[in-house]
Amino acid sequence: LEKLASGEELAKLGDFGVVSFAFEDERPENDPYHDLRDMEVTGKGYAIGTPVFMSPEAARGAVVDHRSDIYSLGMVLYKMATGHHAFSGDNVAMILEQQVRSIPYPFSRWNVENVPVWLEPIVMKLLEKDPKKRYQTSTEVFQALKEAAKKENPALLNKIPFIYSL
């Protein structure tokens, strides 16, 4: 959290790209991490990351891209909205299997209160197993959240700064 001059707090979310180091065989020349592409963070077939936030493609050991981060954001939002991880199990293999094959319970399963109804469909789209069915960019996610919030409470965006920058 960052404290603004106005006294308000601003939450920031960062991406460290850990999973991509584990699975990408080649990086384009213009990739800012190009010099690190030969660095073996882990052996092929091994994953780095927290299984409950890992995308299906990362769980399978496939090549991942920015849409894997979009999926992981969906997992964070699911946990924030319901108080529960979308998937759990007795071991990592069980969780990764669910990441690949299972669909998260609807929010109603957890009897959550004070969660806007518009949030669930956005989160479920973030959690699509097929990356092509997810939002394709962070800008699309931001716009969906902003528009949904605006429909429910148009004055909300005037009271709370909705700051977005890449």
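Buried means under 20% relative accessible area, with exposed over 50% and partly exposed in between (1.4 Å probe, protein chains only). This is a predicted model: local features need pLDDT of at least 70, side-chain atom pairs count only at pLDDT 80 or more, and totals for chains, interfaces and linings use all residues. Residues are numbered from 1 along each chain as its sequence is written, and side-chain values use heavy atoms, without hydrogens and water.

**Helix H6**
- The buried residues of H6 are Val141, Phe142, Ala144, Leu145, Ala148 and Ala149.
- They sit on the same side of H6, because they cover an arc of only 160 degrees around the axis. The arc is taken from the directions from the helix axis to the C-beta atoms.
- H6 has 15 residues and spans 21 Å from first C-alpha to last, close to the expected 21 Å at 1.5 Å a residue. The expected span is 1.5 Å times one less than the number of residues.
- Helices are DSSP runs (H or I, at least four residues), numbered from the N terminus.

**Nonpolar core**
- The largest nonpolar core has 19 residues; Ile122, Val123, Leu126 and Tyr135 touch the most other members.
- Helices H3 (66-82), H5 (119-126) and H6 (138-152) each supply at least two of its residues. H3 gives the most, with six.
- Such a core joins buried Ala, Val, Leu, Ile, Met, Phe, Trp, Tyr and Cys residues through side-chain atoms within 4.5 Å.
- Beyond neighbours within four places in sequence, Ile122 is in contact (heavy atoms within 4.5 Å) with Tyr135, Ala144, Leu145 and Ala148.

**Gln98**
- Gln98 lies in helix H4 (residues 92-101).
- Gln98 counts as buried, at 18% relative accessibility.
- Sequence neighbours within four places aside, Gln98 is in contact with Phe87, Ser88, Gly89 and Lys129.
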